[in-house]
Amino acid sequence: QVQLRESGGGLAQAGGSLRLSCAASGSFFSINYMGWYRQAPGKQRELVARITSGGSTNYADSVLGRFTISRDNAKNTVYLQMNDLKPEDTAVYYCNVAVKRSFSSPTMEQWGQGTQVTVSS
């Protein structure tokens, strides 16, 4: 069982910044990657950014250059620094973590409950 604790969502003005955090706790062997998805009203869920345990990152084209994902492996925490926010960034943001429960077990994904990010124009 892995618990994901998300924080940092809220309101921001266009051009402003927010920082999201997601901390994983519980019993697991390792974390393969941590990332963020978002889902806006009437839209499908999309990958925002992802970072592996080795530091490799992946970003959606729409946020590239504005958002930065980072992690603290010692704290099992991933951060998403969101700068130059735009109204179209408004969505529920979900933490997504892939963990291995043991050395030989398959990787499985866990999802946070989501945190609302609202950007006003």
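Which residue stands opposite Thr-115 in strand 11? In this predicted model, the residue facing Thr-115 is Tyr-93.

Strand 11 covers residues 115-120. In a regular strand, the side chains alternate between the two faces of the sheet. Here, Thr-115, Val-117 and Val-119 make up the covered face, while Gln-116, Thr-118 and Ser-120 make up the uncovered one. Strand 11 pairs with strand 9 (residues 91-100) through 3 bridges, and the two run antiparallel. Strand 11 also pairs with strand 2 (residues 10-13), this time in the parallel sense and over 4 bridges.

How many disulfides does a search of the whole structure find? The search finds 1. A disulfide is a covalent bond between the sulfur atoms of two cysteines. In this model the two partners are Cys-22 and Cys-95, with a distance of 2.0 Å from S to S. Because Cys-22 lies in strand 3 and Cys-95 in strand 9, the pair ties together parts that are 73 residues apart in sequence. The torsion about the S-S bond of Cys-22 and Cys-95 is about -85°, so this disulfide is left-handed. Are the two cysteines buried or exposed? Cys-22 has a relative accessibility of 0% and therefore counts as buried, and Cys-95, also at 0%, counts as buried too.

Now look along strand 3, which spans residues 18-26 and contains Ser-21. The cut-off for a buried residue is under 20% relative accessible area, so Ser-21, at 16%, counts as buried. Which residues does Ser-21 contact, once neighbours within four places in sequence are left aside? They are Arg-5, Glu-6, Ser-7, Trp-36, Val-78 and Tyr-79.

Two loops come next, each holding a residue with a positive phi. Asn-76 sits in the loop between strand 7 (67-72) and strand 8 (77-82). Although Asn-76 is not a glycine, its phi is positive, at about 50°. With a relative accessibility of 23%, Asn-76 counts as partly exposed.

Our last stop is Thr-52, which is found in strand 5 (residues 46-52). Thr-52 has a relative accessible area of 27% and is therefore partly exposed. Not counting residues up to four places away in sequence, Thr-52 touches Asn-32, Tyr-33 and Arg-71. How far apart are Thr-52 and Ser-104 in space? From C-alpha to C-alpha the distance is 19 Å, and in sequence the two are 52 residues apart.

How values were computed. Residues numbered from 1 in each chain as written. Predicted model: local features only at pLDDT ≥ 70, side-chain atom pairs only at ≥ 80, totals over all residues. Heavy atoms only, no water. Buried < 20%, exposed > 50% of the residue type's maximum accessible area, 1.4 Å probe, protein only. Pairing = 2+ DSSP bridges. Contact = heavy atoms within 4.5 Å. Disulfide = S-S within 2.5 Å.
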